[in-house]
Amino acid sequence: MNYHQYYPVDVVNGPGTRCTLFVAGCSHQCRGCYNQSTWRIDSGHPFTPAVENQLIDDLNDHRIRRQGLSLSGGDPLHPNNTSAILRLVKRVKRECPDKDIWLWTGYMLNELNELQQEIVSHINVLIDGKFEQELHDPTLIWRGSNNQVIHYLR
C-alpha cells in the first residue's frame with residue numbers, strides 16, 4: 001500500500017485531535033474530487049513498517065491527547081489497500097484500545113466484500129458513498145455531499 005499524506009496532528013478529519021492517513025488508490029474517481037492526486041495506486045510513498053510504527057507511537061504519545069485515527073484517501077477500502085488497512089486497524093485496536101477509528105470510502109456499506117466488511121468490523125465510524133458534485137454541500141460536517149452517510153458502528 002502507498003500513502004500520500006500522514007498528519008500526526010489533525011483537527012479537521014473527525015472529532016478531536018487525530019492522526020490522519022491519506023492512502024493512495026481510488027477506483028471511484030468522482031467528478032469534483034478534491035484529492036485526485038491520490039487516485040493512482042502507485043502514487044505517493046510506500047506505507048512501510050516504520051511509518052506504521054510512527055503512527056502507533058503518535059497515537060500513544062500522551063503529550064498530545066489524540067482521540068483516534070482517521071483513514072481517507074484515495075480509498076482505504078480499495079482492493080490494493082485492504083490487507084494493509086486490516087493489519088493497521090487490528091493493531092490500533094490492540095495497542096491503542098482507547099482510540100477510535102474513522103474511515104472514509106466511496107463504497108456503500110451494503111456493497112462491501114468480505115475483507116472490506118472485516119475491516120469495518122474493527123472501526124468505529126464509516127463514512128460511505130462516492131462524492132457527488134451535484135449534491136455537494138459545504139455546510140456538511142465530515143462529508144462532502146448529501147448522499148454520503150455517517151455510520152456510527154460502535
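A residue is called buried when its relative accessible area is under 20%. With that cut-off in hand, take a look at strand 6 of this predicted model, which spans residues 125-128. In a regular strand the side chains alternate between the two faces of the sheet. Here both faces are covered: Val 125 and Ile 127 are buried on one side, and Leu 126 and Asp 128 are buried on the other.

## Neighbours in the sheet

Strand 6 has a parallel partner in strand 5 (residues 100-104), with 3 bridges between them. Within this pairing, Val 125 is the bridge partner of Trp 102.

Strand 7 (residues 149-152) pairs with strand 6 in the antiparallel sense, over 4 bridges. In that pairing, Ile 127 has Ile 150 as its bridge partner.

## Ser 145 in the loop

Between strand 6 and strand 7 runs a loop that holds Ser 145. Is this serine buried or exposed? Ser 145 counts as buried because its relative accessibility is 0%, and the cut-off for buried is under 20%.

What does Ser 145 touch, leaving aside neighbours within four places in sequence? Its contacts are Lys 130, Phe 131, Glu 132, Leu 135, His 136, Asp 137 and Leu 140. For Glu 132 there is a polar detail to enjoy: the Ser 145 side chain reaches the backbone nitrogen of Glu 132 at 3.1 Å. The side chains of Ser 145 and Asn 147 are also joined, by a polar contact of 2.5 Å.

Terms used: Residues are numbered from 1 along each chain as its sequence is written. This is a predicted model: local features need pLDDT of at least 70, side-chain atom pairs count only at pLDDT 80 or more; totals for chains, interfaces and linings use all residues. Side-chain values use heavy atoms; hydrogens and water are left out. Buried means under 20% relative accessible area, exposed over 50%, partly exposed in between (1.4 Å probe, protein chains only). Helices (H or I, at least four residues) and strands (E, at least two) are DSSP runs, numbered from the N terminus. Two strands pair if DSSP finds at least two bridges between them. Contact means heavy atoms within 4.5 Å. A polar contact is a pair of N or O atoms within 3.5 Å; within protein, one must be able to donate a hydrogen and the other to accept it, and residues adjacent in sequence count only if both atoms are side-chain atoms.
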